[in-house]
Amino acid sequence: MTRPVRPEPRRPVPRAAPRLGRRPFLRGFAGALLSLPLLEACKKGGPKPPRLGESHGALESTAKRFIAVMAPDGVVPEYWFPTGTETNFTLGKHNVLLEPHQARCLFMKGVHNAAAKNFAYINGHIEGVTSMLTGLAPLPIDPGANVFTGNGPSIDQLIAGALETTGYVPKVRSLHFGEEGAGGYSAISYAAANQPMDMLAPVQAFELLFDDAGETEAALLAARARKKSILDGTITDFERVTKRVSGEDKKRIDAHLEAVRDIEKRLESAAICQQPTLDLDPADDDERRTLYYDILVAAMTCDATRVATASFHHSGGGGPQLPFAGIYEDIHELSHQIVGEAVDGPAHLSFDAYHQWYTGKIAYLVSRMQDVLLPDGRTLFDETVIFRGSEISFNHDHPDMPFLVVAGASTPFDTGRYVELAPSVPHNHLLVTLGHAFGLEMESFGDPTIAAGNLDEALLST
């Protein structure tokens with residue numbers, strides 16, 4: 001008797017792992033304010049999103065706030081660079097007002113703005129302005145009319161994007177203070193080629209940041225309670241999702257959880273962020289520029305923004321800048337007069353007074369930020385990197401650029417040093433290291449003809 005042939009048992013068809021929908025865990029505060037970057041498990045294909053902080057080695061901490069300031073028209077090199085050894089140095093005359101913060105300063109010599117030199121010579125200024133944060137020579141718009149602009153995104157905008165990938169959502173993505181408009185002689189921040197960031201006057205910045213600060217304390221408390229409730233749900237959502245993913249996705253969610261918990265701590269223990277009392281009608285440029293910093297500190301205290309730039313005056317001429325300080329000569333003209341004049345001549349002394357005024361403003365900003373205590377016991381400045389630069393070094397040229405980093409103790413910069421680098425290191429490498437300090441993975445930045453590289457080993461603690 002022939003047995004009937006039994007059919008082979010049907011084997012289950014392997015199914016691809018289900019893609020996780022974004023909506024189940026991006027609701028409420030997560031969806032409105034803390035959107036995760038696209039996870040691998042959520043995607044059907046395509047390139048992987050950029051990773052943070054791997055190409056340069058693991059850092060113990062990354063910075064959380066970035067401020068860039070341009071002081072136009074270069075420096076007196078003998079007055080700018082310190083004297084002494086790497087860790088035992090005396091500040092130059094331009095920077096004496098930073099003595100209370102010398103342990104947080106990082107001076108460097110040997111950085112060359114090579115990107116500015118990769119351009120048909122115009123006048124030295126415009127190439128340095130547009131390349132300071134972009135690492136790119138300017139983009140000609142109307143050369144006949146001497147109109148040029150930035151040719152790509154600036155590092156501050158990449159840093160703003162990196163901060164958002166950690167879960168931080170600002171009220172204002174970045175602030176840009178200035179008095180000369182967004183032209184090529186003053187704009188240092190760019191979203192993309194020929195897209196300078198809008199520069200704000202004090203009243204504009206104040207209204208943008210504190211337009212809802214007139215609410216009653218009861219209303220603010222109620223809003224904080226609502227946000228706290230939503231944050232609790234968000235944390236639960238993220239913790240549930242993290243059990244279903246691994247690898248890079250888990251790292252991204254863990255980074256978001258850390259950011260959300262940080263926001264929760266601020267809501268629990270920080271004072272209600274109310275409209276600061278400031279005089280928005282300053283009497284002169286001195287008070288106006290101090291006001292910018294006061295607004296910036298208030299904004300960062302409220303965590304309304306974490307990225308800002310300031311470019312206070314048109315480089316390359318435009319009239320006296322500091323009559324309130326007794327300097328009536330055009331700063332640009334002074335930068336020419338010091339060429340060929342003996343050190344300590346009258347033009348040198350006036351030019352030094354100008355730089356000491358700028359340095360005093362940086363020292364004021366650092367002190368103000370050190371006075372703000374965060375819920376975890378650190379200060380606002382502890383997590384901040386301030387980058388001060390100029391568009392030229394001396395005599396319309398770009399070697400040994402006067403770049404200075406002033407960084408808090410919770411950033412990866414190894415401060416309290418004067419680092420003499422190999423001659424003519426492209427400043428693009430410095431911009432890469434600034435990106436690394438905020439967790440950005442990048443091997444190069446700006447001009448593609450300049451070799452990839454960074455200054456991590458020289459400037460960062462790993």
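Guide: Let us begin with contact, which means heavy atoms within 4.5 Å. In the protein chain, residues 24 or more positions apart account for 71% of the contacts with a separation of 6 or more. Please keep in mind that this is a predicted model, in which local features need pLDDT of at least 70 and side-chain atom pairs count only at pLDDT 80 or more, while totals for chains, interfaces and linings use all residues. Residues are numbered from 1 along each chain as its sequence is written, and side-chain values use heavy atoms, with hydrogens and water left out.

Visitor: How many helices and strands does the protein chain have?

Guide: Helices (H or I, at least four residues) and strands (E, at least two) are DSSP runs, numbered from the N terminus. By that reading, the protein chain has 13 helices and 15 strands.

Visitor: What percentage of the residues in the protein chain is buried?

Guide: Buried means under 20% relative accessible area, exposed means over 50%, and partly exposed lies in between, with a 1.4 Å probe and protein chains only. Of the 462 residues in the protein chain, 52% are buried.

Visitor: Which residues have the most contacts inside the largest nonpolar core?

Guide: In soluble globular proteins, nonpolar side chains tend to be buried together. A nonpolar core is a set of buried Ala, Val, Leu, Ile, Met, Phe, Trp, Tyr and Cys residues joined through side-chain atoms within 4.5 Å. The largest one here has 57 residues, and L175, F177 and L296 have the most contacts inside it. Helix α11 (residues 346-370) supplies the largest share of this core, 10 residues. A second, separate core of 41 residues includes L106, V385, M401 and L431. Returning to L175, and leaving aside its neighbours within four places in sequence, its contacts include L200, L209, L296 and V307.

Visitor: Which residues are buried in helix α5, and what covers them?

Guide: In α5, which spans residues 155-165, the buried residues are I155, D156, Q157, I159, A160, A162 and L163. Their cover includes the strands β1 (65-70), β7 (175-178), β8 (190-192) and β10 (307-311), together with helix α12 (427-437). After α5 comes G167, whose phi is positive, near 110°.

Visitor: At what angle do helices α6 and α9 pack?

Guide: Axes are lines fitted to C-alpha atoms, for helices over the stretch in contact, and angles run from 0 to 180 degrees between N-to-C directions. Helix α6 (residues 202-210) and helix α9 (residues 285-301) pack at about 10°, with their axes 10 Å apart. Angles under 35 degrees count as roughly parallel, over 145 as roughly antiparallel, 65 to 115 as roughly perpendicular and the rest as oblique. The helices α6 and α9 are therefore roughly parallel to each other. Where they meet, P202, A205, F206, L209 and F210 in α6 face R288, L291, Y292, I295, A298 and A299 in α9.

Visitor: How many aromatic pairs does the count come to?

Guide: A pair of aromatic rings is described by the distance of the centres and the angle of the planes. Rings of Phe, Tyr and Trp (its six-membered ring) pair if their centres lie within 6.5 Å; planes under 30 degrees apart count as stacked, over 60 as edge-to-face and the rest as tilted. The count comes to 12 aromatic pairs. One of them, F324 with W357, is tilted, at 5.9 Å centre to centre and with 55° between the planes. F324 lies in the loop between β11 (320-322) and β12 (327-330), whereas W357 is in helix α11, so the pair ties together parts that are 33 residues apart in sequence. F324 is partly exposed, with a relative accessible area of 29%, while W357 is buried, at 11%.

Visitor: Why is the pair of Y354 and Y358 edge-to-face?

Guide: The ring centres of Y354 and Y358 are 5.4 Å apart and their planes stand at 85°, so this pair is edge-to-face. Both residues lie in helix α11, four residues apart, about one turn of the helix. Y354 is buried, with a relative accessible area of 0%, and Y358 is buried as well, at 1%. Ring pairs link F324, F351, Y354, W357 and Y358 into a cluster.

Visitor: Where does K93 lie relative to Y79?

Guide: A charge sits over a ring if NZ of Lys or CZ of Arg is within 6 Å of the ring centre and within 35 degrees of the ring normal. K93 lies over the face of Y79, at 4.5 Å from the ring centre. Y79 belongs to helix α2 (residues 77-80) and counts as buried at 3% relative accessibility.
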